Structure formats: structure tokens, C-alpha cells
Amino acid sequence: MSTDRDHQVLVVGAGPVGLMTALCLAERGVKVRILEKEWRPTLHSFALALHPESLRTLEEFGLAHDLTKMGRKLEKVAFYEAGDRLGEIDYAALHSAHPYLLVLPQSTLETALEEKLRHHKVQVEWNHQALAFHQDSQGVQVEIAELEKVSLGYPIARSEWAIRRKSTVNVDYVVAADGYRSMTRQSLGIRYADYGHAQTFFVFEFPYAGEMPAEMRIVLGKGHTSVFWPIEGGRGRWSFEVDMSETETPGIDQFRKLLKERAPWFSPAPESIYWSTLIRFDRRLAVNCGEGRVWLAGDAVHATGPVGIQSMNVGLREAGLIARNLASSLQGGGEGGLAGYESSCRTEWHELLGVEGGPTADAQAPSWVQKDPGRIIPCIPGSGEDLGRLLSQIGMQYKPRAASSS
Ligand SMILES: Cc1cc2nc3c(=O)[nH]c(=O)nc-3n(C[C@H](O)[C@H](O)[C@H](O)COP(=O)(O)OP(=O)(O)OC[C@H]3O[C@@H](n4cnc5c(N)ncnc54)[C@H](O)[C@@H]3O)c2cc1C
């Protein structure tokens, strides 16, 4: 067993939100350590777009310029119902330095954040899993396992991750950005409250030979939503909301069939797919954002539909707020930090999940908006003040109550 008093904050999880949290803390001079149980960053581009607000935050770290060169800028979001184009939202209305969505693989973002962290002499500790926490008024003790791959060999060659060694660290605070299944949230006994029904999606990433539109396209069908993302490098991604009873990973035939039914305007028909998956998205919010000296962030706290990429992007902003509050607590600014973070986070998510105070439709809004405004909100890649400006273009109103932070 070893102890560690060289660090003030331990970040658990090197997904986009954990990396951003560690970076924001390091920028504020906080001594931070970051652990990740996997052995490398994700290879897939799950959450594939950055909102203008995220780009503004990344600009503060000198990252936005390079990232924009690596991604694809989309200026609009267009809405369809089968063959009809219903309306659009134009990001030019934001008068921002980044009036667009940036389509970028999640792995590219993570690599850039990791590199920036290295400038602060903070290395992600891959293959390190947080196992358990014990906290008191002085700090948090965390049990960590270093993992290694062991070969199980004969009779069929296979390998498995095993614990190489265990250690214990003592830190002032823990920020757990350990994802949807957050072990930390569970060990704190913090439950999720569900807001609305879960959605299941078939996702297909494929070589796309057609003309790349400078917009993301959302198809509002009866009881299902589908979305097309043009991606850099001649790729496209379609996600189709399907029945909850689906359990099998879909193939190319299903892909072509869904396209014909839901987006007959789409061409050329895909000839192959790079990968496909079936994934379920809940609409949930943890009832607390942590306890005492252990705080939660990102998917560990919230989940929503995938279309507007809100969970990751709002999570990136939460990282800034956590860093500000934690740095203040560490400098003797009191223990009110978690309460401040929690109140801001929960207020915003109550609005985004339609619990209270969220966007509403004007009487003059087009009929496709009036029909079900609650359905539109998770589909818009934006949050905070930007979301209000974007929604106003389709006859909706939204004034966020939580203070925007970065
Ligand atoms: C297949 C798939 C498709 C997706 N598609 C979309 C989409 O279309 N749109 C969208 O908005 N979102 C999508 N998402 C969700 C999106 O990836 C997340 O919102 C985003 O990654 C959240 O970032 P995060 O940093 O909070 O959590 P994650 O990215 O989940 O990162 C958490 C990290 O913590 C690590 N970890 C967990 N427990 C421990 C531990 N005990 N010790 C150390 N490390 C630990 C995990 O290995 C992981 O790397 C998708 C997710 C998946 C899996």
C-alpha cells in the first residue's frame, strides 16, 4: 500500500469530461491526477460534434484553432418529415467566433485534451481503475488498481485484464467523470431519476460518396427521430430511432430499408458500412451531483437523447464550473462549492429534460414544432444562451436560469 499527498484532486475517467476537468483544474494551478481504467482513448467517435459554446471554452486553452482544422463545420440544422423539408436553424445567428457545429471524432478531441494536459505535466494514468472511496472531513482515500493483460493460454489462447497491484491515495477531492454506469455514483448510493422514455437507436457509420451538405439533417417521423451527420474524410453517420424491442446489431440491408422509408431524398444508397451498433439512451438525472468531497460530472450525472450531443457538450462546460468551485474551496473559499455546482447543473438539466423551466413554443411556431416541442429540445446541438437563440428561429423561447460558466 502506498499513500499520495502530492495531489489535491483525483479525476476518475479520461473521457472528454474527465480530461476537460483535469485540464481546467491544472490551468488553475490545482495539483491534479487523472486515472482511466482503459488502456487508451476511445477509438470510436461516439459523441461526434462540438457546440459553439464548447469551442469557446476550448479556445481559452488554445485548442479551438487546431481542432477546427481537423473537423467539419456545419452551419445549419435542417428538419425533415420523410421527403419534406420542414425548416432550419442557422448558426450564423449566434454572432459567435464559432458560428457552427464542429463535427469531430471524440477520439480527436480526447487526444488534443490529453496533449494539452501533458503541457501541465499531468499524464493520464491508463490501466488504472478506481475501486473504492472512503471520505471524511479531511479528505478522500481512494483505492486504485493497476491493471495488466494476462494470457490465459491453453487450450484456447485468450487474455484478460487482471489486477497487477493495488495502491491507496489520499486527496482533498475526487471528481468522478466515470460515465453512464458510474461506479462512484453507485457507491455513493446516488440514484438516477428518469424523465421520459428511453430511446433505442441503430447507428451506422459508412463511406459516403455524395455531396456533403454543410448541415446536419434531422428527420422527424411518427414516433421516431433519425439524424444524418456528414463527417470529415468522406464518411457519413445515420442514427435511426427504432423500437425498444430491437436487440440485434443491424446490417446493411436494414440500413438501406430504413433510409428508403425515412429519408427517400438521401443518395447515393450506401454500399457498405464501417461499423454499426444498437444503443439505448435514457433521459435521466442523478438526484445529487456528489456528496461531500466526491463530485460527479458528465454522463455520470446526466443522460439524454443522442441527437443534439448535449450530454458531452454540457459536461464540458460543467468541467469549467467544477474547476472554478473546487479551486475556490481549496483556497479556503469554503465548502459551498458542491452546492453551487449542483444547483447550476440540476437547474440546467431540469430545463433540458423538460422537468421545469425549459423551452416553450410560441403561438406562431410552425405546426411541426407546436405538435411536440419537448421532442425538439434534445435534438438541437446547443445549450445555454445559444440554445435560446437557435430555438427562436423555429418559434421557440428559452431563457436559461442557470449562470453559464467556463
Ligand atoms: C456506442 C455509443 C454511441 C454514442 N453515441 C452518442 C451520440 O450519438 N450522441 C451523443 O451525444 N452521445 C453519444 N454517446 C455518449 C457519449 O459518448 C457521452 O455522452 C460522452 O462520452 C460523455 O463523456 P464522459 O466523459 O462524461 O463519459 P465517458 O466518455 O463515458 O467516459 C468515462 C470514462 O471513465 C472511465 N471509467 C469508468 N469507471 C472507471 C473507474 N472506476 N476507474 C477509472 N476509469 C473509469 C471509462 O473507461 C471511460 O473512459 C454514445 C456512447 C456510446 C457508448
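**Exercise 1.** In which crossing does H1 pass H7, left-handed or right-handed?

*Solution.* The model is predicted, so local features require pLDDT of at least 70 and side-chain atom pairs pLDDT 80 or more, while totals for chains, interfaces and linings use all residues. Residues are numbered from 1 along each chain as its sequence is written, and side-chain values use heavy atoms, without hydrogens and water.

Step 1. Helices (H or I, at least four residues) and strands (E, at least two) are DSSP runs numbered from the N terminus. Helix H1 covers residues 16-27 and helix H7 residues 310-330; they pack at about 30 degrees, their axes 8 Å apart. Axes are lines fitted to C-alpha atoms, for helices over the stretch in contact, and angles run from 0 to 180 degrees between N-to-C directions.

Step 2. H1 and H7 are therefore roughly parallel to each other, a term for angles under 35 degrees.

Step 3. The crossing of H1 past H7 is right-handed: the near helix is turned clockwise from the far one by less than a right angle.

**Exercise 2.** Describe the open sheet that contains S9, S10 and S11.

*Solution.* Step 1. Its three strands follow the order S9-S10-S11 with antiparallel pairing; two strands pair if DSSP finds at least two bridges between them.

Step 2. Strands S9 (128-135) and S11 (159-171) form the edges, each pairing on one side only. From one strand to the next, the twist averages 20 degrees.

Step 3. S9 and strand S10 (residues 140-151) run antiparallel and are joined by seven bridges. Opposite Phe133 stands Val142 in S10.

Conventions:
Angles under 35 degrees count as roughly parallel, over 145 as roughly antiparallel, 65 to 115 as roughly perpendicular and the rest as oblique.
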